[in-house]
There are 2 protein chains.
Amino acid sequence: MLEPDPLRPAEKTIDWPGASDASLIFIGEIRTPWTSRAACPRRGRHDGPLCRIDVNPIWAEALTGVEADSQLEIFYWLHRSRRDVVLQSPRHDGTTRGTFALRSPLRPNPIGTSVVVVERIDGTILHVRGLDCLDHTPLIDIKPYRSAFTPSAPETPGDRQIGDT
Amino acid sequence: MLEPDPLRPAEKTIDWPGASDASLIFIGEIRTPWTSRAACPRRGRHDGPLCRIDVNPIWAEALTGVEADSQLEIFYWLHRSRRDVVLQSPRHDGTTRGTFALRSPLRPNPIGTSVVVVERIDGTILHVRGLDCLDHTPLIDIKPYRSAFTPSAPETPGDRQIGDT
């Protein structure tokens, strides 16, 4: 599970606690042009290369209506990432920050997300732009994208609950 | 793992494939005022109630520098959600859509995300607004928030690679 990547200066790990608190199921596979981490873009671009999301056909019906969304948020499992790093020096500029202050793929639960634009859907295969992950990255979820600036959904009772903790 | 929620009209499940392809580790716990799903807001509001994110102290150093980000993206495990639903009718308006066309908590890998504003950090406890989940929801990740409209990071070789698949 942990890839023995060398650490950079000032990087630090903890002893991996080894807990397995919940299980993920891979629901498909992502196909991109990038076969090494060095080649991956730091962040996908909507004018980047066309990539493919192959959804496992057992989930075909869960795609019903997905074509109505021009942008989707894709969740994937960064299967090549070590998970025990708490301090990272990713920028080659001498600065070190905590894992939770970075969007680095090295994290306790290496889940990546990208917002993609959908070019075409053929059955359970989505052709999209905007990904940044390695070829063969396992797919874990697809959601319609709602930016933080999208108007909120209609209120429910909890929205206005007083209860500062 | 699957909570026996009743299905609504036209909703559909598949036989749960039972695979466990990767393991999550819970890195803390979220404290909110909401103790039933009916009370949870559909989406957190930045003027909503103050909530607390209790990070497990073994990850303390991973929070280094997190105070520089005014908005964080919080990832959590929707531990009360059933995972086998492919068609859902959540809106009480007679429409049915696929799970991947909805941001419903019912999904094969029930990972929720919220963008929160940070009010205060006390050691490994973050006081934030913008969450929408149940009290005691397990925490799985914290990342600085980068909206889709944030300028991209500097280019890497992969950004401009020609290689449509």
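Because the model is predicted, local features are reported at pLDDT of at least 70 and side-chain atom pairs at pLDDT 80 or more, whereas totals for chains, interfaces and linings use all residues. Residues are numbered from 1 along each chain as its sequence is written, chains are lettered from A in the order in which they are written, and side-chain values use heavy atoms, without hydrogens and water.

**Stop 1: the barrel of chain A**

Six of them, in the order β3-β4-β9-β8-β5-β10, close into an antiparallel barrel. Neighbouring strands of this sheet are turned by 45 degrees against each other on average, direction ignored; the axes behind this angle are lines fitted to C-alpha atoms. Two strands are said to pair if DSSP finds at least two bridges between them. Strands of a sheet pair through backbone hydrogen bonds, either parallel or antiparallel.

Next, select residues 28–31 and 51–55 of chain A, which are strands β3 and β4. These run antiparallel and are joined by 4 bridges. A:I30 has A:I53 of β4(A) as its bridge partner.

**Stop 2: strand β9 of chain A**

Move on to residues 125–129 of chain A, strand β9. Is this strand mostly covered or mostly uncovered? It is mostly covered, with 4 of its 5 residues buried, where buried means under 20% relative accessible area, exposed over 50% and partly exposed in between (1.4 Å probe, protein chains only).

On one pairing, β9(A) meets β4(A) in the antiparallel sense over 4 bridges, and A:D54 is partnered there by A:I125. Another antiparallel pairing, of 5 bridges, joins β9(A) to strand β8, residues 111–122 of chain A. Here A:I121 stands opposite A:L126. Select A:G123 in the hairpin of β8(A) and β9(A): the hairpin has 2 residues between the strands, and A:G123 takes a positive phi near 65 degrees.

**Stop 3: the barrel of chain B**

In chain B, 6 strands close into an antiparallel barrel in the order β3-β4-β9-β8-β5-β10. The twist averages 45 degrees from one strand to the next. Select residues 28–31 (β3) and 137–144 (β10) of chain B, which pair in the antiparallel sense over 3 bridges. The bridge partner of B:I30 in β10(B) is B:T137.

**Stop 4: the interface**

Display both chains. Contact, meaning heavy atoms within 4.5 Å, involves 82 residues from chain B and 82 residues from chain A. About 7,800 Å² is buried between them, 53% of it from carbon and sulfur atoms; buried area is the accessible area (1.4 Å probe) lost on putting two parts together, summed over both. In chain B, select B:R43, B:F100 and B:R103, which lose the most area to chain A, together 11% of what that side buries.

The interface also holds 8 salt bridges, each a side-chain nitrogen of Lys or Arg within 4 Å of a carboxyl oxygen of Asp or Glu. One to select is A:K12 with B:E61, whose closest N and O atoms are 2.8 Å apart.

**Stop 5: the cysteines**

B:C40 counts as buried because its relative accessibility is 11%. Finally, select B:C51: its closest cysteine sulfur, in B:C133, lies 7.1 Å away, too far for a bond. B:C51 is buried, with a relative accessible area of 0%.

Key: A disulfide is a pair of cysteine sulfur atoms within 2.5 Å. Axes are lines fitted to C-alpha atoms, for helices over the stretch in contact, and angles run from 0 to 180 degrees between N-to-C directions.
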